[in-house]
Amino acid sequence: MTEAPLLHAPQPPGSHHFAPILRPDLATFYARRAARLRALAAGHELSEYLVLAAQVTDAQAACLGAPAADLPPDPAGIAAAGLWPALLDRMLADLRPKVAAPVREALAQLQALPEAARRTAAIALAEGRFDAVDPALAPFLWAALSAEVARAARAAPLPGPTAQEPPDCPLCGTAPVASTILTGDDQGLRYLHCALCDCDWHMVRAKCTNCGDAGQLDYLSFETPEAPIRAEACGACGSYLKVISQERDREADTVADDLASLVLDDAASAEGFGRSGFNPFALPSG
Ligand SMILES: [Zn+2]
Ligand SMILES: [Zn+2]
């Protein structure tokens, strides 16, 4: 039997088709994020918290083999009826021996919380009612819910193309963490990263990710204009969101690098801009 020859068809320039939605493999993705969080933690003033975020990410990865309900990626629906409370128990067991005493207290509180109360809290988070949930418990509930919604988002059919690139996740409807400029095959393309399902959706560059205006953008950073992390601030709607460039730092991870640069958020809010999205490890306070 002779094998058919492989055909190599080079793409003519300009014909590169990009995917409107990216759904990165979760095992690879969690491992990369945890490594990045640990790398950024070295010598950082939020070192302990970055390491905790890495441990939570490891715990999410450890849940990948656990059963998940066959539900669409609707955050409130999964909060109400998903199997994530079992994922939360696994995560708590995984984290308990690793964390410092104050965190262990929060984990014990969550462990003792009856399922109905866990679901009520997760529904509030899914609906953006962050002030209804104890901020010490919220990141762990979010992480467990995220681990199930992320899997549901990967099993769901891709939504059809839309005329406008949406400000919120086209798969689960959650706000973005930040946007990332990609490198490699997708060099130069900008994607927003979902704070809950860890998918990415395309958004053209140099346009406000919140209101779509392109006329009044300003880029704030501490270093040079070539800094890998900048806050893209919009004078039209008064919001900002960070843009993280993998072209300038190949190891950058949206959640990790955003969390390690919260000091840039302080600077942007001192300039009068309000953040249009949020980080899963720095949920809005209400
Ligand atoms: Zn999403
Ligand atoms: Zn705007």
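Is the crossing of helices α2 and α4 left-handed or right-handed? Keep that in mind as we walk through this model, which is a predicted one.

Let's find the two helices. Helix α2 covers residues 47–62 and helix α4 covers residues 84–95. Their axes come within 9 Å and cross at roughly 130°. An angle over 145 degrees would count as roughly antiparallel, and 65 to 115 as roughly perpendicular, so α2 is oblique to α4. As for the opening question, the crossing is right-handed. On the α2 side, the contact is made by Gln55, Val56, Ala59 and Ala62, and on the α4 side by Arg90, Met91, Asp94 and Leu95. Sort those contact residues by type and you get 5 nonpolar, 1 polar and 2 charged.

Now hop over to strand β6, residues 229–234. Here 6 of the 6 residues are buried, so the strand is largely enclosed by the rest of the structure. In a regular strand, side chains alternate between the two faces of the sheet. You can follow this along β6: Ile229, Ala231 and Ala233 point one way, while Arg230, Glu232 and Cys234 point the other way.

Who are the neighbours of β6? One is strand β5 (residues 217–220), which pairs with β6 in the antiparallel sense over 4 bridges. Look for Asp218, whose bridge partner in β6 is Ala233. Another is strand β7 (residues 239–245), which also runs antiparallel to β6 and is joined to it by 5 bridges. There, Arg230 has Val243 as its bridge partner in β7. The hairpin of β6 and β7 has 4 residues between the strands, and in it Gly238 takes a positive phi near 75°.

Definitions and conventions. Residues numbered from 1 in each chain as written. Chains lettered and ligands numbered in written order. Predicted model: local features only at pLDDT ≥ 70, side-chain atom pairs only at ≥ 80, totals over all residues. Buried ≥ 20, exposed ≤ 12 C-beta atoms within 10 Å, placed from the backbone. Pairing = 2+ DSSP bridges. Axes fitted to C-alpha atoms, helices over the stretch in contact; angles between N-to-C directions. Parallel < 35°, antiparallel > 145°, perpendicular 65-115°, else oblique. Left-handed = near helix turned anticlockwise from the far one by under 90°. Contact = placed C-beta atoms within 7 Å. Nonpolar A, V, L, I, M, F, W, Y, C, P; charged D, E, K, R; others polar.
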